[in-house]
Amino acid sequence: MTTETVPNPTGSVPTTGKPTDDRLPPGSKLLIGLLLVSAFVVILNETIMSVALPRLMEDLDITASSAQWLTTGFMLTMAVVIPATGFLLERFSLRTMFITAMVLFSLGTLIAALSPGFGALLLGRVVQASGTAIMMPLLMTTVLNVVPVSARGRTMGAISIVISVAPAVGPTVSGLILSVLDWRWMFWIVLPIAVASLVLGAVLVRNVTEPRRVRFDVLSLVLSAFAFGGLIFGLSSIGESAEGHALMPVWIPLAVGVLALLGFVLRQRGLARDDRAFMDLRTFANRSFTVSIILVAIVMMALFGSLIILPIYLQTVLQVDTLTTGLMLLPGGLTMAALAPLVGSLFDRFGPRPLVIPGAFAVSAALWLLTMLGVDSAIIMIIAVHVLLSAGLAFMFTPLLTSALGSLRPELYPHGSAIVGTVQQLAGAAGTALFITMMSTTAAARAAVGSSAVDATAAGVQAAFMCGAMLSLLAIGASFLIRRTDQAAAGVHVGH
């Protein structure tokens, strides 16, 4: 008979259950539900500022490049903290990490809500990001430890709502708030939800993993900070450089990031021999994990690139207001939310390939259609194409995340979760940099030969989506390499 080890929250002798049994351990549904709500709230804040930047530039009397730091600073902090979560989730209990994450996020939200100027607002965003960075790896590690293999698709479907829908509806939420309230209300509205999650978590969250004493490697932390921080900063600066606003030559942070990343990889390989890796890169020895991570990176580039370009196009070229912009992006976010549970159930029945391949084709088709946006494109067409893009992403996220993490041995779950989070941040920054750079350089070239500002921006938007469409062809090719993960590799212990 095949059995699966299920961690016991008390740390005593583990209980076992059949992998075909969809029932969760007592209290697990409430635990996962609380983590999902908390994660949705914290991830929402990653993109909530995008529509608000013009208002902030006016109210705080700052330049566009300064305002962009409210998003860049958030991503930089995430990139520095997430790699450390593999170590933190091994060393400390789930309850301790949850409370730490929500305290940091709530404190950052309060600082931002009370901020008298740009400096305090940026500080609040950095503190918020520190809590956000912990939450997603914590959620995924918890799910992998308590959910039977046969039900992981459905649960990962719920997680994909957090990962993909929360950033997608961020602009909608901020657009709605800014249409009637001051920008500080973006934080005042979130604060009581965050504090309620903190209080409930302090009462209800239990430990489903057993912490072990892991030696902290300071050099790994320093190398990871320079590696991922340098890469994110460099990628984020590419767009500013294209507009002539970069703080320093782009090659400097990128070179520092690449060199530090090389040192980080060599350091982790050495530490892994003694099972002391800060971020265990043995996860990449698993083919299913590696292929899935590559596809996740491509998909995140498409998602974040579209999230940054579409609002610019709608507000600059079509001259629609922030509220209308947010509402136009809402159907796509709702489509992702509606499809995620269905995709999760289909994954449990059929595996990843029948979902990922058509999803990749849908994403590619949507991006090619977006290359045809012009100065007089119909709003209904834009909404329809965005819904198609969102549907394609929904068919890819859940199978890819489940395949990547479910293919690992249980002791690698925290490291796999940390790697997924890090790759998402790097890919999001790369997608944003690629799309913004193509838009800015093309628009500048058109303006130089006499095109109007609107026509030049429209041409830039087309060029940006052309890059995304070309990138999507790689996703189609890689989607055929996805295969169903063997349950034995997913942490199922076989016995007779």
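This is a predicted model: local features need pLDDT of at least 70, side-chain atom pairs count only at pLDDT 80 or more; totals for chains, interfaces and linings use all residues.
Q: What span should the 21 residues of helix α4 cover, and how far apart are its end C-alpha atoms?
A: At 1.5 Å a residue, helix α4 (residues 94-114) should span 30 Å. Its end C-alpha atoms lie 30 Å apart, which agrees with that value.

Q: Which residues of α4 are buried?
A: Buried means under 20% relative accessible area. In α4 this holds for Leu-94, Met-97, Phe-98, Ala-101, Met-102, Phe-105, Ser-106, Gly-108, Thr-109, Ala-112 and Ala-113. Seen down the axis of α4, the buried residues fall within an arc of 160 degrees, so they line one face of the helix.

Q: Where does Ala-225 lie, and how is its accessibility classed?
A: Ala-225 belongs to helix α9, which covers residues 218-242. Its relative accessibility is 26%, so Ala-225 counts as partly exposed; the class runs between the cut-offs of 20% and 50%.

Q: Which residues is Ala-225 in contact with, leaving aside its neighbours within four places in sequence?
A: With those neighbours set aside, Ala-225 touches Val-80 and Gly-230. Another pair to look at is Ala-225 and Gly-257: they are 32 residues apart in sequence, and their C-alpha atoms are 8.8 Å apart in space.

Q: How are two packed helices described?
A: The description uses the angle between their axes and the distance between the axes. Here, helix α11 (residues 287-317) packs with helix α15 (residues 413-448) at an angle of about 40 degrees, and their axes are 7 Å apart. That angle makes α11 oblique to α15.

Q: Is the crossing of α11 and α15 left-handed or right-handed?
A: The two helices, α11 and α15, cross in a right-handed sense.

Key
Residues are numbered from 1 along each chain as its sequence is written. Side-chain values use heavy atoms; hydrogens and water are left out. Helices (H or I, at least four residues) and strands (E, at least two) are DSSP runs, numbered from the N terminus. Buried means under 20% relative accessible area, exposed over 50%, partly exposed in between (1.4 Å probe, protein chains only). Contact means heavy atoms within 4.5 Å. The expected span of a helix is 1.5 Å times one less than its number of residues. The arc is that of the directions from the helix axis to the C-beta atoms. Axes are lines fitted to C-alpha atoms, for helices over the stretch in contact, and angles run from 0 to 180 degrees between N-to-C directions. Angles under 35 degrees count as roughly parallel, over 145 as roughly antiparallel, 65 to 115 as roughly perpendicular and the rest as oblique. A crossing is left-handed if the near helix is turned anticlockwise from the far one by less than a right angle, and right-handed if clockwise.
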